[in-house]
Amino acid sequence: MTQSIYEQLNVKTMVNAWGTVTKVGGSKMAPEVLEAMREASRHYVEISTLHEAAGKRIAALLGVDACCITCGAAAGIAIAAAACMTRGDEAKKLQLPDTAGMPDEALVLKCHRTLYDQALLLSGIKVKEIGTTSFACVEQVEAAVSDRTALFFYASEAEPMRGSIDLSLIIPILKKYKVPVVVDAAAEIPPKSNIRKYLEKGADLVIFSGGKELRGPQSSGLILGNAELVAACDANCCPNYSIGRAMKIDKETIAGIVKAVELFVAKDYDRQVVIWESMTRRISEKLSQIPYAAVREGFPTEPGIQPADILRVYVKPTRKTAPQLYAELLGLDPQIYTGLSGAELVINPQCLEEDEIPVLISAFEKYL
Ligand SMILES: *Cc1c(COP(=O)(O)O)cnc(C)c1O
């Protein structure tokens, strides 16, 4: 029997009961997406022409003004920063990450600092923090604006935090000073409506991962919003020369994300939510029958766990600690990958397939 590529490399595969996490490959692409990529691989095309045409297509599908395709949301953060500083100016693009002569400060609420905003710094921009981890107010935002301000960066997953400010309160202040508001919403789908939510509130650019719930190529991302700024993003992207040249987006990925967005737009998420809920119910019923566990269903409440509106199963082992069980499940072949939250393991059906549920259950039966 021929071995799979993973067998040849001696790398275990995984039952993903945690979600669209980059560390384990994000999400799986639909066959139609793979076919679009295969088709794209058969011809040479002018990449900048393709990149722009595909961006237009995606913008039309999503009902937004403009779209720049990137090789991930993190790249999108770096490219958006480059765009806001250079506005597409040829000499300035070539000068980055040296920002002399450009506005080069990104305003960020202190509690919105995440591991992803290192991507901002790649562009050469400097982060200016506002407030403390537990407090910030609009007056502080206004006081932080100066002629050095290039953009305001908002991490949507941090919105519920104590030191945060509602996006709709921040936007009017920044509009007054013509400072672009850039929102990192990489993992904020579902719901589908989040695609336009931030732009409707007045944000200038919003960034999504293409390789999470959009189920496009793992190395894809979207910057959506204001046409002029998106054009400046395009100008900072490969094959043009700027910091984005190091964040190449290939023709196959461009074709794949277009197809993935087509499928996403056509998808009935009300039905998808019912399917996920029924998977959660089935898993929690089965696990409830096993001794040595306290099982409940619920939605995540801690900030940073996205998407928050998919019902999860929480399992508290009573014979061993949660980290112990978590490690044992990861040691199996295939590995069983769940979330770990305090004394509980968390099961999210978002990336699970029906036929993986029995594998998951029997692993719990054996190791709980
Ligand atoms: C996943 C994620 C990113 C990075 O997205 P990639 O597409 O993997 O580059 C950025 N910000 C947040 C909040 C994310 O969840």
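## Finding your way around

Helices and strands here are DSSP runs, numbered from the N terminus. With that in hand, take lysine 178: this residue sits in the loop between helix H8 (167–176) and strand E6 (181–184). One thing to keep in mind throughout is that the model is predicted.

## Two domains

The chain splits into domain 1 (5–25 + 268–367) and domain 2 (44–266). Domain 1 puts 13 residues into the contact, and domain 2 puts in 15 residues.

The size of an interface is often given as the accessible area lost when the parts come together. For domain 1 and domain 2 that buried area is about 1,200 Å², with 52% of it on carbon and sulfur atoms. On the domain 1 side, Thr20, Tyr269 and Gln306 lose the most area to domain 2, and together they make up 43% of what that side buries. As for polar links, three residue pairs are in polar contact across the interface, while the count of salt bridges between the domains is zero.

## The nonpolar cores

The largest nonpolar core holds 75 residues. Phe152, Leu222, Leu224, Ile347 and Phe364 have the most contacts inside this core. Helix H11 (residues 251–266) gives the most to the core, with six residues. Both domains take part: at least three residues come from each of domain 1 and domain 2.

Setting aside residues up to four places away in sequence, its contacts include Ile58, Leu62, Val206, Phe208, Ile257 and Val261. There is also a second, separate core of 35 residues, and Ala78, Ala82, Ala83 and Val108 are among them.

Most residues other than glycine have a negative phi, and most peptide bonds are trans. Here are some exceptions. A cis peptide bond joins glutamine 306 and proline 307, with omega about -10°. Proline 307 belongs to the loop between strand E9 (293–298) and strand E10 (312–317). Another cis bond links aspartate 333 to proline 334, with omega about 0°; proline 334 is in the loop between helix H13 (322–330) and strand E11 (335–337).

Lysine 178 has phi near 55°. Is lysine 178 buried or exposed? Lysine 178 has a relative accessible area of 72%, so the residue is exposed. Arginine 215 has phi near 60°, and its place is the loop between strand E7 (205–209) and strand E8 (221–225).

Technical notes. Residues are numbered from 1 along each chain as its sequence is written. This is a predicted model: local features need pLDDT of at least 70, side-chain atom pairs count only at pLDDT 80 or more; totals for chains, interfaces and linings use all residues. Side-chain values use heavy atoms; hydrogens and water are left out. A nonpolar core is a set of buried Ala, Val, Leu, Ile, Met, Phe, Trp, Tyr and Cys residues joined through side-chain atoms within 4.5 Å. Buried means under 20% relative accessible area, exposed over 50%, partly exposed in between (1.4 Å probe, protein chains only). Helices (H or I, at least four residues) and strands (E, at least two) are DSSP runs, numbered from the N terminus. Domain bounds come from an automatic or database domain assignment. Contact means heavy atoms within 4.5 Å. Buried area is the accessible area (1.4 Å probe) that two parts lose on being put together, summed over both. A salt bridge is a side-chain nitrogen of Lys or Arg within 4 Å of a carboxyl oxygen of Asp or Glu. A polar contact is a pair of N or O atoms within 3.5 Å; within protein, one must be able to donate a hydrogen and the other to accept it, and residues adjacent in sequence count only if both atoms are side-chain atoms.
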